[in-house]
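This report goes through a few local features of one protein model. The sequence and structure come first, and the notes follow.

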Amino acid sequence: MVFRKPPDGGWGWVIVVVSFFTQFLCYGSPLAVGVLYLEWLDTFGEGKGKTAWVGSLANGIGLLASPVCSICVSSFGARPVTIFSGFMVAGGLMMSSFAPNIYFLYISYGIVVGLGCGLLYTATVTITCHYFDKRRGLALGLISTGSSVGLFIYAALQRELIDLYGLDGCLLIVGALSLNILACGSLMRPLESSDSPPPEKTCVNKVPDQYFVYHEKEKTVEENISILEKGYADEKCVNNMPDYKQDSVLNKNVLSSINVNEKDTYKKKVVEQTNLCKQLAKRKWQLYLNYWEETMVLFKNKVFSALFVAILLFDIGGFPPSLLMEDVARSANINEDDYHMPLISIIGIMTTVGKLTLGILADFKWVNTLYLYVTTLLMTGMALFAIPFAKSYLTLAMLSGTLGFLTGNWSIFPYVTTKTVGIDKLTHAYGILMFFAGLGNSFGPPIVGWFYDWTQEYDTAFYFSGFCVLLGGFLLLLAALPCWNACASQSSKLPPNTYSYKVASSA
């Protein structure tokens, strides 16, 4: 398949719009799952740690399965994967409305919806990159805000639907809304060349002649019959053998000739296919070895090793507030009259602001993106330490906004990864880091919930969360200081418009 040059516009803006709404529709409910979390606690009566697994799986399973999602999009294309994943998300949400227990929700909401979201995220990012080159950063930034806007709207929407139709009706309606992903996917036209030359030969014509067993057999039969008929006529003139005996001899000769030729052709085919399989297996094994060698080289980079620890600890400690903040407010006995807006909605809208603001700051030459990322980690840790001291809606709203803004550091994380390992190793390194981010998303909320089940209060849980984030930030800062100074000293020798990656990758 031949692709055109990315147009950086035209139908690409349609792709941006439908990708925005795709992430809005698929991530709205999983990111705003804190509203559903309260209802599941009351409905099933399970512990907070066990119930928190539902939301953590829905947000973490897509990151854990990111390599599988990439393979699916590469094999089938963005449009089929988007349509199929739309059915997954809608079906998982609708099935969750009939959940008889919390374990059913682990599968229907946690795994099915989570995997569908992971596939949709990969599909939207991939097709957007196909359509944009010079404006790729702007396009990716626009579609990434879809999930944050979805968090803001779905938090209030699901709360209102629960009041009107109950938990089951809310999930059915939200699942029906997710079916609009199918319409978005149908507009994801692949970027193919309309004037691509037709293939020179079909697949059949490219196959070597020795593989055509039946062709060889028919050819041999005709030749043997013509030769044997000639010999038969000469032999009949000399011998007085009866006709039925001569026919039997001829049939035996023809069959033996066919069998010999078939055996030879079959043996050649088996030998060639065996050699081909051996070569493919050897090549596959070599690819696996190269992958693990490249992975070990990445972990020899101390900044990358610290970055992987930091993203893991950040997701363990920084993700639970978006899931548990509503229950924190309820545990603090906040008056409902003071409850003007869901705290999760505040987190969602401030995450959008944070993504855009931090992304703009990262484009300034005087801003070091690694130090900027470390600053967000340290400030997140301090905000988490402050949650146990918040006893009013106003203070919780301010902390929710602060945490939401700082969570927008996801927009600069690719910048940090690129500066750490280099542009040539970005894909490999980013996949590894996203896997560990998925681990943090999956285990963070249950760990915080278990702390509550153990102590019957959230104070210890958020002290633990703040400690995790601060530890990751300090480790990354200590690992980056000498490496980043060396990087700055060598990059200063380059022209002002040159962006150096090689120093960090050799650290």
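## Surface, charges and cysteines

Tryptophan 366 lies in the loop that connects helix H14 (343-362) with helix H15 (369-386). The model is a predicted one. Tryptophan 366 counts as exposed, with a relative accessibility of 66%. Together with Ile360 and Phe364, Trp366 forms a nonpolar patch on the surface, and the accessible area of these residues together is about 390 Å².

Charged side chains come next. Side chains of opposite charge can pair when their charged atoms come close. In the whole structure, a search finds one salt bridge. Its partners are glutamate 46 and lysine 50, whose closest N and O atoms are 3.5 Å apart. Glutamate 46 is partly exposed at 29% relative accessibility, and lysine 50 is partly exposed with a relative accessible area of 29%.

How many disulfides are there? The count is zero. A disulfide needs two cysteine sulfur atoms within 2.5 Å.

Cysteine 117 is buried, at 1% relative accessible area, and cysteine 184 counts as buried at 10% relative accessibility.

The table lists the accessibility values by residue.

| Residue | Relative accessible area | Class |
|---|---|---|
| Cysteine 117 | 1% | buried |
| Cysteine 184 | 10% | buried |
| Glutamate 46 | 29% | partly exposed |
| Lysine 50 | 29% | partly exposed |
| Tryptophan 366 | 66% | exposed |

Methods: Residues numbered from 1 in each chain as written. Predicted model: local features only at pLDDT ≥ 70, side-chain atom pairs only at ≥ 80, totals over all residues. Heavy atoms only, no water. Buried < 20%, exposed > 50% of the residue type's maximum accessible area, 1.4 Å probe, protein only. Patch = residues over 30% accessible without salt bridge, like charges linked within 9 Å, V, L, I, M, F, W, Y side chains within 5 Å. Areas by Shrake-Rupley, 256 points an atom, 1.4 Å probe, with all protein chains shown as cover. Salt bridge = Lys/Arg side-chain N within 4 Å of Asp/Glu carboxyl O. Helix = DSSP H or I, 4+ residues; strand = E, 2+ residues; numbered from the N terminus.
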